[in-house]
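Hi everyone, thanks for making time this morning. Let me put it on the screen.

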Amino acid sequence: HADRVRVYLPLTLPRLGDLAASGRLEAADLAARTVTPALRRSYPDADDEELEYAALMTAAEDSLALVAAEDAPPRRVVVAADVPAESVVHSDDDETHVRLTRAVPLGDCSSVHVDDRAAEADVAAALVDPSGDAGATLDHEMLWYATQEIVDLLG
């Protein structure tokens, strides 16, 4: 997939439900994270897996902000997708931030990363003090789901 870029899309559980229902995420809503040349320069000794994890966790922080803004259930949600490279617009001032210029169909999504219910209290606590860092939420590894599992995950 040389012409495709792996991006991490911060969502909330209701937005994940919208994705499942509509089969797509609209570009207007999509600020994403990805491994950029700037991120590689910042962590010259990191391998691809470590860089991907850094982008994923930055998207998880973005998800936390969305949860707060939308008063959504207190669980971080990030969808990984492989999108056409030409639809990715890089930011000048951020190591991982990109904007997508077109919708992302569910078929381009490869996995969903969601907090376990056990993380809800720590996520809720992080929402109370948004000026602080994600704090205890970092103690929780997000669970991996295949996109085919979204309906079960939401049920």
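Let's begin with Glu26, which is partly exposed, at a relative accessible area of 40%. Its salt-bridge partner is Arg24, and the closest N and O atoms of the two are 2.7 Å apart. Arg24 is partly exposed too, with 40% relative accessibility. Before I go further, please keep in mind that this is a predicted model.

How many salt bridges does the structure hold? The count is 10.

The next one I'd like to show you is between Asp62 and Arg33, with 2.6 Å between the closest N and O atoms. Asp62 sits in helix H3, while Arg33 belongs to strand S3, residues 31–33, so this pair ties together parts that are 29 residues apart in sequence. Is Arg33 buried or exposed? Arg33 has 10% relative accessibility, so it counts as buried.

Glu120 is partly exposed at 24% relative accessibility, and Arg117 is exposed, its relative accessible area being 56%.

Which residues form the negative surface patch? They are Asp45, Asp47, Glu49 and Glu50. Take Glu49 from that group: you'll find it in helix H3, which spans residues 48–70. Glu49 has a relative accessible area of 66%, so it counts as exposed. Helix H3 is also where Asp62 lies, the partner of Arg33 in strand S3.

Finally, let's zoom out to the whole fold. The protein chain has 5 helices and 9 strands. Read from the N terminus, the order of elements is β-α-β-β-α-α-β-β-β-β-β-α-β-α. Along the principal axes, the C-alpha atoms fill a box of roughly 40 × 35 × 25 Å. What is the radius of gyration of the protein chain? It is 15 Å, which agrees with the value near 15 Å that a compact globule of 155 residues would have. And of those 155 residues, 41% count as buried.

That's my tour, and I'm happy to go back to any of these views.

Terms used. Residues are numbered from 1 along each chain as its sequence is written. This is a predicted model: local features need pLDDT of at least 70, side-chain atom pairs count only at pLDDT 80 or more; totals for chains, interfaces and linings use all residues. Side-chain values use heavy atoms; hydrogens and water are left out. Patches are made of residues with over 30% relative accessible area and no salt bridge: like charges are joined within 9 Å, nonpolar side chains (Val, Leu, Ile, Met, Phe, Trp, Tyr) within 5 Å. Accessible areas come from the Shrake-Rupley method with a 1.4 Å probe; for residues, only the protein chains shown count as cover. A salt bridge is a side-chain nitrogen of Lys or Arg within 4 Å of a carboxyl oxygen of Asp or Glu. Lys and Arg count as positive and Asp and Glu as negative; His and the chain ends are not counted. The place of a charge is taken as NZ of Lys, CZ of Arg, CG of Asp or CD of Glu. Helices (H or I, at least four residues) and strands (E, at least two) are DSSP runs, numbered from the N terminus. Buried means under 20% relative accessible area, exposed over 50%, partly exposed in between (1.4 Å probe, protein chains only). The radius of gyration is taken over C-alpha atoms; the globule rule is 2.2 Å times the number of residues to the power 0.38.
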